[in-house]
Amino acid sequence: MNHASMLLRAFRDITVTRGWSLTQWETLIRQARRADVLASLAVRLREYGVLESAPPEARAHLDAATILAQAQERDIRREVLEITAAVEPTGVRPVLLKGAAYLMTGLPVGRGRLFADVDILVPHEHLADVEAALMLRGWVTTHHNAYDQRYYRRWMHELPPMRHLVRQTVLDVHHGILPLTARFRPNPALLLAAALPVTDHGDLRVLAPIDMILHSATHLLCNEEFSHGFRDLLDLDGLTRHFSAGEPQFWTRIARRAVELDLQRVWYYAMRYCARMLGTPIAPDATTFLDRGEPPLIGGMMDALFTRALEVDHPLAANAFSSAARRLLYLRGHWLRMPAHLLAYHLTVKAFRREEEEHASP
Amino acid sequence: MIVADLAGDALHDALKGPGMRVRTGSVVVCVRSSLPQIAAGLALHYANHALEPDDAFADFHVAVDPPTSMRRWLRPQVQFYFDGQVPFRPLPLDQAFPMLEWGLNWCVSAHCHQYLALHAAVVERDGRALLLPAPPGSGKSTLCAGLIARGWRLLSDELALIDASGMLVPMPRPVSLKNASIDVIRRFDERAMIGPVIHDTIKGSVAHMTPPAESVRRAMMRAAPALIVLPRYRAGAAATLVPLGKAQAFMELVRNAFNYHIHGESGFELLADLVQRCRCYEFEYQDLDEAAQVFNRLAGASA
Amino acid sequence: MPVPQRRVLDGELVVRDRSSGATHLLSQVSGTILVLLIESESSMRAADIAHVLGVTAPTDEPVTLSEIDRILLELERIGLVARVPA
């Protein structure tokens, strides 16, 4: 990994930053901001007692990002409560996915996070009820274009994103974890059946640990755009380390579950890239279960493509490539909660516009 | 080394190459541009600003250039780049320098959450800082430009940055003047260095005034807040100061804060502490001279 | 519900709802009523509030019960107080 970005090097082993020059720190801050992991970097530095050795110029940015992440954490917790209350009359207990799930269950990868929206998974047969209940409490659909609506409802594993009228926050309601058009067909019923309650939040559920990891792997590899590739990689690495620690049966169990969910290839590649890029410790026999009777997996080219795609997309990262969608996600208007006249003051800040407006205009 | 020390070609070369690292108080910005208006604007308005070497830490990396997309030949445009990304829609090419200034304001107000940032002008005299919060169009910038012409130090004409201990953090940059106030300041202060007027921007006609060299030299000196004044320009009004209840002043600050929500509980306490230690007023005026006199008296009386 | 942040500035009360972040300036009477509820640590009936106000914070014109009801409704609307069953 000669061309690993500063960001990747820092997350592989945070202690290397101790000797870094101002210029290296500057690059690290820029790349971390681009990858939406600046606050996560602050958490990692603090965890390993290296934060004090960061130069004050860098500290300022780390502190600023931490303050923003803390504000988002408060907002997400509130959002989760509102969603739970809204869905409660339907009798459905929603399953929180991704970032919100990590946060509410106190996982290490939940700390220092920046959020775009909240994702929940509900059974397909209750989708209409859930959508209706949310609308009653102030959420409205986005993507009003009839074509988009049909497309989402026919082919996608989620409703068009819903936006809350007052809070302007976005909610993605999933009924599966991959679109119907995808090669792999993980059965959502299996995921829902294994979902676990969240302590102190009775009606809320999250995926079982192994399912959480497999979902993260799916997200890492099956997304249309890789603007969050690096962060997703970090999540996968973090979740895997956390749940495999002291669990001798972990690797066998997850390989088995991957087969059950038709995700064995996704799991194989995800683990491969995690190990190669972030050094995630993987049991030697982790993939033997998968290799049995499987057609040969395409090696070199896939590796090159993915390791580039998963790196941070920044002008200073040697492996940078241009991606169609660039989102200054942490700058979404509803997360900054600026008064309306101040938002307007910033000209027409594209990053503050709603996602659907971005898609609509050229 | 300051920007003025860069000979003409060196300035252009820096902007086209590795970028110019300009210090604006606590924030260092690395600016790149191929546009002559940007080079001219920097040479004129940032002449006294400190220049940092290439290996110094730059907080933000910005560029102002024509967009790389196809529209280049339709109608000349300019784009603001934030570390390679594009937060704004493009503007007509002649608005390049205003776009740089607006872009820099955005960089700070959207990212510098180590401070509580208010939409307000900040000036200082005799160690006491005056905060002028106001929505656009209230004459805040005109008043700010008028006061610094009469000897007040400029901390900022747009962004009041409050640190954790309640002190105001300077970021002296060109003062942006709009429409009628451009001529008002020209007449008020013969020595004012005002750049070209750009017409038809989203804010009307816009020009920038170079900050006083002394204000720039003292950019690292934080100031203690002492006065909060809500200004309102009104034709025919005599310069009148009316005491304002602190609770009302507090709400006004909340309304004009960029990142109040992000600061949560500590934002509430910080702003409450701020109004508690300041004298608060509403102010109406038409004549800048009268206004300057009122404020000079106010500064003297704050002992 | 968590107790809101509050500060008295020039005799008026500014409060911040800890869960939503919404910040308000309350009138003298509204502020007094809110502080009363916060400090009583248990729920109060409008009539009791009127009584306590009359005794501890008498004004030239006594605050009517209907005005107290109106204020409580407004405080409830902005999320600073909640109604509990009798």
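How many residues does the contact take from chain B and from chain C? It takes 14 residues from chain B and 11 residues from chain C, where two residues are in contact if their C-beta atoms, placed from the backbone, lie within 7 Å.

A quick word on the ground rules. This is a predicted model, in which local features need pLDDT of at least 70 and side-chain atom pairs count only at pLDDT 80 or more, while totals for chains, interfaces and linings use all residues. Residues are numbered from 1 along each chain as its sequence is written, and chains are lettered from A and ligands numbered from 1 in the order in which they are written.

Back to the side of chain B that touches chain C: the elements giving it two or more residues are α7 (246–255) and α8 (260–277) of chain B. Helices (H or I, at least four residues) and strands (E, at least two) are DSSP runs, numbered from the N terminus. The largest share of that side, seven residues, comes from α8(B). Sorted by class, the side has seven nonpolar, five polar and two charged residues. Here Ala, Val, Leu, Ile, Met, Phe, Trp, Tyr, Cys and Pro count as nonpolar, Asp, Glu, Lys and Arg as charged, and the others, Gly among them, as polar.

Chain B also splits into domain 1 (3–111) and domain 2 (116–301), with bounds from an automatic or database domain assignment. Taken over C-alpha atoms, the centres of these two domains of chain B are 25 Å apart. Their contact takes 18 residues from domain 1 of chain B and 22 residues from domain 2 of chain B. On the domain 1 side, α2 (36–45) and α3 (96–111) of chain B are the elements that give two or more residues, and α3(B) has the largest share, seven residues. That side has six nonpolar, 10 polar and two charged residues.

Most residues other than glycine have a negative phi. Two exceptions are tabled here.

| Residue | Phi | Loop |
|---|---|---|
| A:Q168 | positive, about 65 degrees | between β4 (162–164) and β5 (170–174) of chain A |

A:Q168 is partly exposed, with 13 other C-beta atoms within 10 Å. B:D83 is partly exposed too, with 18 other C-beta atoms within 10 Å. The cut-offs are 20 or more such atoms for buried, 12 or fewer for exposed, and partly exposed in between, with C-beta atoms placed from the backbone.
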